[in-house]
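User: I'd like to go through this model with you, starting from the overall fold and ending with single residues. Could you take my questions one by one?

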Amino acid sequence: MSLAVLSTDQVPARESKGYWGELVSRAFGRLQSDTYGDEDFHGRVTHVAAGDVQVGTLQASRHRVVRTAARRGASDPGHLKPVVQRAGRCLFEQDGRRAWLKPGDWSLYDTTRSYIVSAPQAVDLHVLMLPREAVLKGRQDLADLLVRQ
């Protein structure tokens, strides 16, 4: 089991936005990140890997992440990501569906498909990353389960 605690506090303020993009990509898969142009950005990720299962907590100023299926890369087997909103609000978008989460809500998305997560305010999230193939065991279609409240 490996534990990582990553924070923008580890770099000078002028580098925090770029460093944040590296953090979320390292912890949650190849993502594009933007901070709505905010100069005063703070973010922290706690990430634990236990075999193929990964658990993370993300606490951050407002930001957005985008993942396209093409950005996934051949070496990424894909994950199912249940997310629990602890503070703030986020908009999750995938396959034409949209779900606004508030504290106490949760949703599920599939990293083999394109998605966008927008947090227009500071957020605190729990993220579980489950290996897609191990969960599906041969089933292919999850469309009715994804990006719901």
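Analyst: Happy to; what follows is a set of questions and answers on this predicted model.

User: How many helices and strands does the protein chain have, and in what order do the elements run?

Analyst: The secondary structure of the protein chain comes to 2 helices and 11 strands. Reading from the N terminus on, the elements run β-α-β-β-β-β-β-β-β-β-β-β-α.

User: What share of the contacts in the protein chain with a separation of 6 or more comes from residues 24 or more positions apart?

Analyst: Let's begin with burial: of the 149 residues of the protein chain, 44% count as buried. As for the contacts with a separation of 6 or more, residues 24 or more positions apart account for 70%.

User: Which strands sit at the edges of the open sheet of 5 strands?

Analyst: The order in this open sheet is β2-β5-β10-β7-β8, with antiparallel pairing. An edge strand pairs on one side only, and that holds for β2 (32–34) and β8 (97–101). On average, neighbouring strands of this sheet are turned by 10° against each other, direction ignored. The edge strands are therefore β2 and β8, as pairing on one side only is what marks them.

User: How many bridges link β5 and β10?

Analyst: On one side, β5 is joined to β2 by 3 bridges, and the two run antiparallel; S33 has V65 in β5 as its bridge partner. Toward β10, R67 has Y115 as its bridge partner. The β5 and β10 pair is antiparallel too, and the number of bridges is 5.

User: Which residue in β10 is the bridge partner of E93?

Analyst: Strand β7 (residues 90–94) and strand β10 (residues 115–119) run antiparallel and are joined by 3 bridges. In this pairing, F92 has V117 as its partner in β10. For E93, the partner in β10 is I116.

User: Which residues make up the covered face of β5?

Analyst: For context, β10 is mostly covered, with 4 of its 5 residues buried. β5 has two faces, and the uncovered one holds R64 and V66. The covered face of β5 is made up of H63, V65 and R67.

User: What is the volume of the largest cavity?

Analyst: Rolling a probe the size of a water molecule over the atoms shows where empty space is left. With a threshold of 30 Å³ or more, the structure holds 1 cavity. The volume of the largest cavity is about 130 Å³.

User: Which element gives the largest share of the lining of the largest cavity?

Analyst: The lining has 16 residues, and F28, L58, V65, Y109 and L125 lie nearest the centre of the cavity. At least two lining residues come from each of α1 (16–28), β5 (63–67), β6, β7, β10 and β11 (123–131). The largest share is 3 residues, and the element that gives it is β10.

User: Is C90 buried or exposed?

Analyst: C90 is found in strand β7. Its contacts beyond four places away in sequence are Q85, A99, W100, L101, V117, S118, A119, V123 and L125. With a relative accessible area of 1%, which is under 20%, C90 therefore counts as buried.

User: What separates the C-alpha atoms of C90 and L101?

Analyst: L101 is one of the residues that C90 touches. C90 and L101 are 11 residues apart along the chain, and their C-alpha atoms are separated by 5.3 Å.

User: Why does H79 count as buried?

Analyst: H79 is found in strand β6 (residues 79–87). Leaving out residues up to four places away in sequence, H79 touches D52, Q54, Y109, D110, T111, M129, L130, P131 and R132. Buried means under 20% relative accessible area, and H79 counts as buried because its value is 10%.

How values were computed:
Residues are numbered from 1 along each chain as its sequence is written. This is a predicted model: local features need pLDDT of at least 70, side-chain atom pairs count only at pLDDT 80 or more; totals for chains, interfaces and linings use all residues. Side-chain values use heavy atoms; hydrogens and water are left out. Buried means under 20% relative accessible area, exposed over 50%, partly exposed in between (1.4 Å probe, protein chains only). Contact means heavy atoms within 4.5 Å. Axes are lines fitted to C-alpha atoms, for helices over the stretch in contact, and angles run from 0 to 180 degrees between N-to-C directions. On a 1 Å grid over the protein atoms alone, a cavity is a set of points where a 1.4 Å probe fits but cannot get out, and a pocket is an open set with protein on both sides within 12 Å along at least five of seven lines; lining residues have an atom within 4 Å of a point. Grid points are joined across faces, edges and corners, and a volume is the space filled by probe spheres set on the points.
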